[in-house]
Structure formats: structure tokens, C-alpha cells
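Work through these two exercises with the model open. Each task is followed by a solution in steps.

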Amino acid sequence: MARLLIADDEADIREVVREYAEISGYEIDEADDGMKAVEMVQNQHYDCVILDVMMPHLDGFSACRRIKEIQDVPIIILSARTEEYDKLFGFELGVDDYVVKPFSPKELMARVRVVLDRRKPKEKKILQYGGLHIDIAGRSVSVDGRQVSLTPKEIDLLICLASHPDVAFSRQQLLSDVWDTEYYGDDRTVDSHVKMLRAHLGPYRNKIVTVRGMGYKFES
């Protein structure tokens, strides 16, 4: 889940942004001035920072400059200023988007999604580990040149694990990511699918490693 920081000295605006961000599935923190926003970025990773320009102690542009020195996090500027100069100045500082007040919260969340998608690493369409060949787009798997027949969920499970090599997934994470967030299964569902998937992978069955007390990972 992406974490956002909204920095604005107007509590009403922070409340509205928080409400729509949480509806959109984001976690959100708040700061009521630019200096506090900089301090929070120093102590917490954020996937996107939303900064108002006119704030006490430190304005949004100055906060943006300092934040960029700490980490390369996407920044969206909120401002009542509509002059082209202000927008160009913001983009020269490295902001990812500039939203003029008053704004639509729904549009702001749409812009957040675009910014986050832009920063996502491009997904590989084909994964290959030795003789194990996983075609993500074509949803097919072959072992040493031989096509293997997998169920849709087995393919989803393999793609989920193999797309994040050496990352341990809990069983609950896999239930959420591979099935869906509303699936009310239990750990045995994941275990049984892993067992069947390993059987199909033959000499590469040991690529799916059991993480004791937690779940599974795909070993690169």
C-alpha cells in the first residue's frame, strides 16, 4: 500500500485529501507546515508528497527543494497561484505535477495514481531462470523447452513469486495478491497450490522455497 504525505496549513484541505486518499487505498500522514513535512520525510519513506505552496515556517517550494535532497520522492504541488512562472519554477525544482486550488479531490487522486505509475519499474514480460521460462503476457510456462499445463491460479502464484525473486511472502499476502482481498480462505489453500506448482516445475521445484513460520519465496 502506497503511503502519502499531505502538507497544508489548512486542516479542512488535509481532511478532504485524507478521506479520498483512504478511499483510494492509500495510507496518509499529515503535516501543517513545510518544516514539519521535511522532518517527516527524513524519518519515514513516502511514495508521494503533496505540498501546498503557502505554508508557515517553510513554503512549499523550499520544502520541495529540501525533500529532494533527502530522497527522490514524487512531489505534487498544490497552489492558488495560477501564473505560468510559478508552475515553471515548480517543474524546475523537480515536482511531478502542479495542481491549482480549488481542486477536485478525485482529480488529485487520479494525478497521484499517474505519478505513482510513472515511477513503477517496467514489468518484465518474460522471466527466465535457467530452463524455467515464464511468459507473463502469454501466461505460459515451459520447463527445459517443454510446455507445462498450469491452472490460472498456479500461473498467478508463480508469476507473483517469480516477479519478486528472493522476497518472502506470507501466506496471507499471497491469498490477498493472488486470489483477492475479499477471499476468505486459509493457509492450506496456499500450501496446496504450492505443492501442485512444485510438482509441475520438476527440476526447478526447489526454486519455491518455504520460509519457516511465514510463507514462501522464489529463489533466484
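A helix axis here is a line fitted to C-alpha atoms over the stretch in contact, and angles between N-to-C directions run from 0 to 180 degrees. Keep in mind that this is a predicted model.

**Exercise 1**

Describe how helix α1 and helix α5 cross, and say which residues make the contact.

Solution. 

Step 1. Recall what is needed. Two packed helices are described by the angle between their axes and the distance between the axes.

Step 2. Find the helices. α1 covers residues 11-23 and α5 covers residues 105-119. Their axes come within 10 Å and cross at roughly 60 degrees.

Step 3. Classify the angle. Roughly perpendicular means 65 to 115 degrees. α1 and α5 are therefore oblique to each other.

Step 4. The crossing of α1 and α5 is right-handed.

Step 5. List the contact. α1 brings V16, V17, Y20 and A21. α5 brings P105, K106, L108 and M109.

Step 6. Sort these residues. Seven are nonpolar, none is polar and one is charged.

**Exercise 2**

Work out the strand order of the sheet that holds β10, β11 and β12, and find the helix that packs on this sheet.

Solution. 

Step 1. Set the order. The open sheet runs β10-β12-β11, with antiparallel pairing.

Step 2. β10 (169-170) and β11 (208-211) each pair on one side only.

Step 3. Check one pairing. Two bridges join β10 to β12 (residues 215-218). F169 has Y216 of β12 as its bridge partner.

Conventions. Residues are numbered from 1 along each chain as its sequence is written. This is a predicted model: local features need pLDDT of at least 70, side-chain atom pairs count only at pLDDT 80 or more; totals for chains, interfaces and linings use all residues. Side-chain values use heavy atoms; hydrogens and water are left out. Helices (H or I, at least four residues) and strands (E, at least two) are DSSP runs, numbered from the N terminus. Angles under 35 degrees count as roughly parallel, over 145 as roughly antiparallel, 65 to 115 as roughly perpendicular and the rest as oblique. A crossing is left-handed if the near helix is turned anticlockwise from the far one by less than a right angle, and right-handed if clockwise. Contact means heavy atoms within 4.5 Å. Ala, Val, Leu, Ile, Met, Phe, Trp, Tyr, Cys and Pro count as nonpolar, Asp, Glu, Lys and Arg as charged, and the others, Gly among them, as polar. Two strands pair if DSSP finds at least two bridges between them.
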